[in-house]
Amino acid sequence: MQNKGAISFFAILLALVCLFELSFTFVVSGVEKDAKEHAAGDPVKERAYLDSISNETVYNIALKKYTYQECKERELNLGLDLKGGMNVTLEVAVPDVVRSLARNSQDPVFRKSMDDAIAQMKASGGNFLDLFANAVKKNDPNARLSSPAFFGNQDMAEVVNSRMTNDEVLAQVRIKVQSSVDNAYNVLRNRIDKFGVVQPNIQRLEGTDRILVELPGVKDPERVRKLLQGAAKLEFWETFDIGEIFGDIQKANDKLKDLNALAKGDSSSVLPKDTSALAAADSLNNKATAANDTAKLSLAEKLAQKSDSAKSDSTGNTQMSDAETKKQFPLLSILIPYTDAQGRLAPGPRIGYSIVSDTGKVNAILNRPEIRNTMQRKDVRFLWSAKPIEGSKNIFDLIAIKIPRDGNPRLTGDHVTNATVEYGQLNNKPEVSMTMDGPGANTWRRMTKENIKKSIAIVLDGYVYSFPTVQSEIAGGRSSISGNFSPEEAKDLANILNSGKMDAPARIVQEAIVGPSLGKEAINAGLISSLAGLILVFLFMAFYYSSAGLVADIALMANVFFLIGVMASLQAVLTLPGIAGIVLTIGMSVDANVLIYERIREELAAGKGYKLAIADGFKNAYSAIIDSNVTTLLTGIILLVFGSGPIKGFATTLVIGILTSLFSAIFITRIVFEMFSKRNKQLKFSIPLTANVFKGSNFDFIAQRKRFYIVSLIIIGIGLISMFTKGFGYGVDFEGGRSYVLRFEEPVNTQQVRETLYNAFKQNPDVKIYGSSNQVQITTDYMVDNDSPQTDSLVENMVLSEMTKMAGKTPEVILQHKVEATVANDIKESAVLSVIFSLLVMFVYLQIRFRKWQYGVGAIAALAYVVLFILSIFSIFRNILPFSLDIDQSFIAAILTVVGYAINDTVVIFDRIREYLGMHSQKKEEMATVINNALNSTLSRTVVTGMSTIGVLLILFIFGGEVIRGFSFAMLIGVIVGTYTSLFVASPVVVDLSRRVATDAKSDAKK
């Protein structure tokens, strides 16, 4: 063995580095164990203890001392799916940045182009600026982006001039947008640093306007959503009194009624006698305020369920039915004005209130051009309150804001120098006190002086937090935001204001939340499956290869140690799919040993001496080992490039595992063999029971190929029929929507869950059992396109509320996931590209290595069959098997990994075919005979590697947990089918294509 000393030195050095890097994990574990004992089960006390020793030395080695915080930063990181927490992808609102750069231009072409680009982006994704440029070109081919109607304004004067082309202006806009994304990243990092989460992760997603945030151990997702999504755009606006604006609201209601009647062809839109908009509003409001604010919620929720028959009140006056009220007052039946006891409009800036699910309808109505044109006041804007009205959970006020001529607020948060949490003198409730700079204090003094006895709305990110009535002029630049805050909400709001504002808001477009109980279960499942897989492979190798199998076990242990050590040194995150990658690596890492051992057995059978047989066995196996592992490595790299989140974690583990398994199998095994040889000890490569397994096998694979073609086509045909008729089930990351996994105390009926939620959503959610009978997965696209920051919490609360009513107790949310449609489109596109690209890369690599296109086509045919077979299984058995068979990112990861495994298997056979063709080139043997011999000579390796991999995947499928059960099932099916195709599809296709080429060549020669 050449360079034995250098290899031994490197192995020792690598082992020491891995041991050093893993030592931080052990130190942190010990410190945190002490913290738990000290806290005696009190998490607050435990956190305080760890904070107190954060900068104390806890690890002292000869060269350096490490504090607890430094050790924590260097420990092996666990993914959120293993320790619980929140994973969020935020997207900076580029349309808002563009509007700001154009100074909210009211130019018709600009506005229409913006609307068209937004609609196109929601429908099919894409880069917003490219879509906007195309929309401008379509709406006005002569439009110039450098004009004042677009970006030729004072704010852009330094970078845009009238002589610039549209492309040049667009390039400057891109720079500004990129700057806004950078600003959002920095602001978010400041907010997270002040939030107090241990080991947060925030990173830019290259090539996108998105930012990934991972927050371990988060227990209040709603608080995090508010913290992350706020742009901190603070504004102070003057307001209208309802008496000044209600006439326009009546006109809007009447115009909408006429438009509805026109659309339905109904001309009977005359109001009943003695009925007016105000009277109807008073009637609705009186019903709603009969008891207290909670009754408003009751009315808004039950309005549609009331009888459509006319009713009479206690005085005998006939009132309109609710259906007739909705018909005559289509706006005022969902936006209910406030009235006093005498039926008069209640003074103040509140126009009315709506249930949250109606707020979008109200916005759409008031923003319709034909309705807006009927309103006398053009200087009004309607904004919703940030928090529900007191006494309810989902009823919000609509506030009338007065817009100055320039369209900008008189005072903004740019003048706020500091924000602190204080408690009100009258009610002792938390509020945010703000201090302003000199210019801000002067503006605030003038505003308050001019609006005595009127309300000033304090608006943050487009939502009204409070609208206090000014009692007197306020000097000194002091103001406060009150809004029925909890202490945490007030603290976060002060944090947001002090961290600085974003140029544009960042919306959560993808979200995953893992409950702590599921994280613990995932760790246990991962440990059980890893240990069981390791033990299975240990026993199998020792049984099949005797003492040489024990050497392979030593290499396998070294491989796992190196793998985890390298992950720790690279600060890679270990996720549940990453553990699946380790388990898969355990199964596949013995392949190199199997290739070497089978070669050594062949050399020994040929009569060579022990040392020569070992030397030749290693040498002759290198080609197949390198080729097969390079193809799997390429698959892992493709997953790294195209994957995201947990899939990237799986790919990282797979890539590192391939490299460490190669090193362990080739070099560690060889070093151990050399040690035994020096002592004149010979290792055995079989036991009597396995010595002659597959020896002298002579199966005629090629002669039966047409039968296998027919069987394969029949199976795929059945699968294609199912695909086109039954279709697939798609995960939320492919379709968009929200998914909740709930755990109840007792078994639940999925039909009952479905019916209960239908009553709330007015649409059928997808409900299925998730593992045990007391766990269900609920998937819905209800309000997924609603951009309101409150929507996520609203839908979650609706689900929990309905499930609590149904079950009598609130279920535990162990997992939830949200993906917006634009992100789902990107994920689908990335998935398709990754599969196509992987097949293309495999073909190119095989073409380079084997120099004949027939090998590439044969391999691609086999891989295509594997992919179609798995798709067929997932379509045919959808909703039949008792676990999820959804097509999602994990499924794509499984497909690509199976592609890597199948090509690995095929390349080993192709390598032997190439070798045999070279050996028998002078004998003029039939190619079919040569390929049959190659298939039979590698049959032992094919079966042994297949059995070890299938064994660990079966363990992963059984013990790995529900989260990755669909993934492990796809892998299990794929490995079985991949083994089949390497024998019965790939090689026979090569034979048929080679014969056709030979026949064509003979025909050409005769001509």
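Student: Where does F538 sit?
Tutor: F538 is in helix α18, which covers residues 516-569. Keep in mind that this is a predicted model.

Student: What does F538 touch, leaving out residues up to four places away in sequence?
Tutor: Three residues: D553, L556 and M557.

Student: And how far is F538 from K453?
Tutor: Their C-alpha atoms are separated by 83 Å. Along the chain, F538 and K453 are 85 residues apart.

Student: OK, overall confidence. What's the average pLDDT?
Tutor: The protein chain averages 82. A score of at least 70 is reached by 91% of the residues.

Student: Where is confidence lowest, and where highest?
Tutor: Lowest in helix α12, residues 293-302, with a mean of 37. Highest in strand β11, residues 380-384, at 93.

Student: Which stretch around there has pLDDT below 50?
Tutor: Residues 286-318 do. Beyond near neighbours in sequence, that stretch makes 44 contacts in the model. Residues 280-284 are also below 50, with 13 such contacts. Where pLDDT is low, the predicted coordinates should not be read in detail.

Student: Switching to β11. What sheet is it in?
Tutor: An open sheet of 3 strands, in the order β10-β12-β11. The pairing is antiparallel.

Student: Which are the edge strands?
Tutor: β10, residues 350-355, and β11. Each pairs on one side only.

Student: How much twist?
Tutor: It averages 30 degrees from one strand to the next.

Student: How many bridges join β10 to β12?
Tutor: There are 5 bridges, and the two strands run antiparallel. β12 covers residues 395-402. As one example, Y353 has D397 in β12 as its bridge partner.

Student: Which helix packs on that sheet?
Tutor: Helix α10, residues 242-264, touches β10, β11 and β12. Its direction makes about 60 degrees with that of β10. Helix α14, residues 356-366, also lies across β10, β11 and β12. The angle of α14 to β10 is about 130 degrees.

Student: Cysteines next. How many disulfides?
Tutor: The structure holds 0. C18 is in no disulfide, and the nearest cysteine sulfur, that of C71, is 18 Å away. C71 is in no disulfide either, with the sulfur of C18 as its nearest, at 18 Å.

Student: Is C18 buried or exposed?
Tutor: Buried, because its relative accessible area is 1% and the cut-off for buried is under 20%. C71 counts as buried too, at 0% relative accessibility.

Student: What about S466, buried or exposed?
Tutor: S466 is buried, with a relative accessible area of 8%. S466 lies in strand β17, residues 463-466.

Student: What does S466 touch, not counting residues up to four places away?
Tutor: I456, A457, I458, I481 and S482.

Student: Zooming out. How many helices and strands in the chain?
Tutor: The secondary structure comes to 31 helices and 26 strands.

Student: What box do the C-alpha atoms fill?
Tutor: Roughly 110 × 80 × 70 Å, taken along the principal axes.

Student: What share of residues is buried?
Tutor: Of the 1007 residues, 53% count as buried. The chain exposes about 45700 Å². Carbon and sulfur atoms supply 56% of that area.

Student: And the contacts, what share joins residues at least 24 apart?
Tutor: 74%, among contacts between residues at least 6 apart in sequence.

Methods. Residues numbered from 1 in each chain as written. Predicted model: local features only at pLDDT ≥ 70, side-chain atom pairs only at ≥ 80, totals over all residues. Heavy atoms only, no water. pLDDT = per-residue confidence, 0-100. Helix = DSSP H or I, 4+ residues; strand = E, 2+ residues; numbered from the N terminus. Contact = heavy atoms within 4.5 Å. Buried < 20%, exposed > 50% of the residue type's maximum accessible area, 1.4 Å probe, protein only. Disulfide = S-S within 2.5 Å. Pairing = 2+ DSSP bridges. Axes fitted to C-alpha atoms, helices over the stretch in contact; angles between N-to-C directions. Areas by Shrake-Rupley, 256 points an atom, 1.4 Å probe, with all protein chains shown as cover.
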